[in-house]
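Here is a short briefing on aromatic rings and their surroundings. Look over the sequence and the structure before reading on.

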Amino acid sequence: MPHASLRHDRQNSTDRQGRQELLAAAAHLGRRRFLTVTGAAAALAFATNLPGTGAAQAAELDGKRIGADPFTLGVGSGDPLPGSVVLWTRLAPEPYEVGGGLPRERVAVRWEVAHDERFSRVVRRGWATAHPEFNHSLHVEAVGLSPDRVYYFRFRAGDWISPLGRTRTAPAQHARISELRLGVVSCQAYQDGYFTAYEHLAEEDLDAVFHLGDYMYEYAVDAAGGARKYTDRVLPAHYNHETVTLDDYRLRYALYKTDPDLIAAHAAHPFIVTWDDHEAENNYANATSENNLPPAEFLVRRAAAYRAYWENQPLRGPQRPNGPDMRLYRRLQFGRLAQFDILDTRQYRSDQAYGDGWHAPGPESADPARTITGAAQERWLIDGWRGSQALWNVLPQQVALSQRRSVPTDAYKLSMDAWDGYSASRERVLAGAESAGVDNLVVLTGDVHVSFGFDIKRDFDRPDSRTTGVELVTTSISSGKNGAEKPANWDAYMAANPHMKFYNGRRGYLRLTLDQQKARADFRTVPAVTTPGAPISTAASFITEAGKPGLKRV
């Protein structure tokens, strides 16, 4: 292991080099006025270099020369289809070092999928290459699998064998399945506490887990891990600053992915992921940064953030970013029971009205030209609803869709970062669901670090208007630290928003069960995250009946 001072000097040099590359690319973008995806991708060679071919490809590293366990970040799976699932890992024998402790050489990795945990009945196997350009991450799209079936998988690099992973394929497209059991999670600031909720999630019997964003936070993490207050380890100094460069983001994912509870959850269930803002920068909007960086410079940072996100998630090839652009919205079907339209409400949105924050609604926030999804994604969503044959149309996305008045008076304010700040965009989407004949709309939301249950009203300003669906907001895994069962604004919120049927401020996750008659939401919470090992309990449970939208407590 290198001497600490040598490692520190090498890291400082890498940080300086990364920032110089960022500024050089930004300057090039500014001169050329390249604010398009194509132009940005052409300029951002440092963040978008691809594996070479033939004589241009990196040399191959003999896996037997890897001297320490390269599977320190665990394994995962995601985006299940009826005959396919993505298998993920990243080789990193030294996860807290740039490059993960491996040279810039490609590594051949063996993968296997089996019916049983002992791998006595292997059904698929093959070789994949972990490229240094992708930080030695792997995204194996295992095909030829049976629908709606549990499988086990593992990787081998040299003499090292990865931990066991468990996954499940989706049901056949037209299958009439009786039930789906899903986990819904969001917002896991490492420095705010332990990922205890994941320990419990890993033990649930689930078909898949939806992650709705803020998987990683850009903020500094001190040597003691913030609120974790480590006494048995000291985190490297390079974590104690905000992420800006590609190496910054890659290292931050390594910190998160060494958490044992997160490792356990990924090994237990396939994840279906989307991002919010903190994977890049707090409350950014399209090419507009929170701190008003020139758009060209911010797009360089966004390209680095998107690249690191893809490298560290079980995503398919079509989601691989091209510079500062990444097509993350996509559609998954689970038989005739459910269609999932996974949104991206961050990358294409108009800038927040009135400078962001909470404000009284007005002409700017109501401007019909404003969008939270972008026009193309909005059309894709509504067209997908028109073609849907599913009983339940589920919309996993980031920020609160339902109206949230701050106080029960005419002086109320609304969040300009949520759909309340894009009311015309919300109206178009709800009208689109109505015109498409969507009877059973379930919106899944993260972002706010609390649990909410909403009836979605056709007109939120008229409490007696028709209920068109329900919105289930999952609390955070750790963000916001321990929270409280009844936050300080609980009384005001409940009085101001009669369509708000539930509000709880503890940490945890949502368990969602869909069947032919109803959708059931169990709000699972832990009493603390600043100390490890907290128990899990169900704070409340609600159902909404098929054909009769509206939350009922059970």
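A residue counts as buried when its relative accessible area is under 20%. Trp 275, at a relative accessible area of 0%, is therefore buried. This is a predicted model. Across the whole structure, a search finds 26 aromatic pairs.

**Trp 275 and Tyr 306**
- The ring centres of Trp 275 and Tyr 306 are 4.0 Å apart, and the planes meet at 25°. Planes under 30 degrees apart count as stacked, so this pair is stacked.
- Trp 275 sits in the loop between strand S12 (270–273) and helix H7 (295–311). Tyr 306 belongs to helix H7. The pair therefore ties together parts 31 residues apart in sequence.
- Tyr 306 is also buried, because its relative accessibility is 1%.

**Phe 452 and Tyr 503**
- Here the ring centres of Phe 452 and Tyr 503 lie 4.8 Å apart, with planes at 40°, so the pair is tilted.
- Phe 452 is in strand S19 (residues 451–457), while Tyr 503 is in strand S22 (residues 500–515). The parts tied together by this pair are 51 residues apart in sequence.
- Both Phe 452 and Tyr 503 are buried.

**An aromatic cluster**
- One cluster is formed by Tyr 190, Tyr 194, Phe 195, Tyr 198, Tyr 230, Tyr 256 and Phe 271.

**Charges over rings**
- Phe 195, one of the cluster's members, has the charged end of Arg 228 over its ring, 4.7 Å from the centre.
- Arg 154 lies over the face of Phe 119, 4.0 Å from the ring centre.

Notes: Residues are numbered from 1 along each chain as its sequence is written. This is a predicted model: local features need pLDDT of at least 70, side-chain atom pairs count only at pLDDT 80 or more; totals for chains, interfaces and linings use all residues. Side-chain values use heavy atoms; hydrogens and water are left out. Rings of Phe, Tyr and Trp (its six-membered ring) pair if their centres lie within 6.5 Å; planes under 30 degrees apart count as stacked, over 60 as edge-to-face and the rest as tilted. Helices (H or I, at least four residues) and strands (E, at least two) are DSSP runs, numbered from the N terminus. Buried means under 20% relative accessible area, exposed over 50%, partly exposed in between (1.4 Å probe, protein chains only). A charge sits over a ring if NZ of Lys or CZ of Arg is within 6 Å of the ring centre and within 35 degrees of the ring normal.
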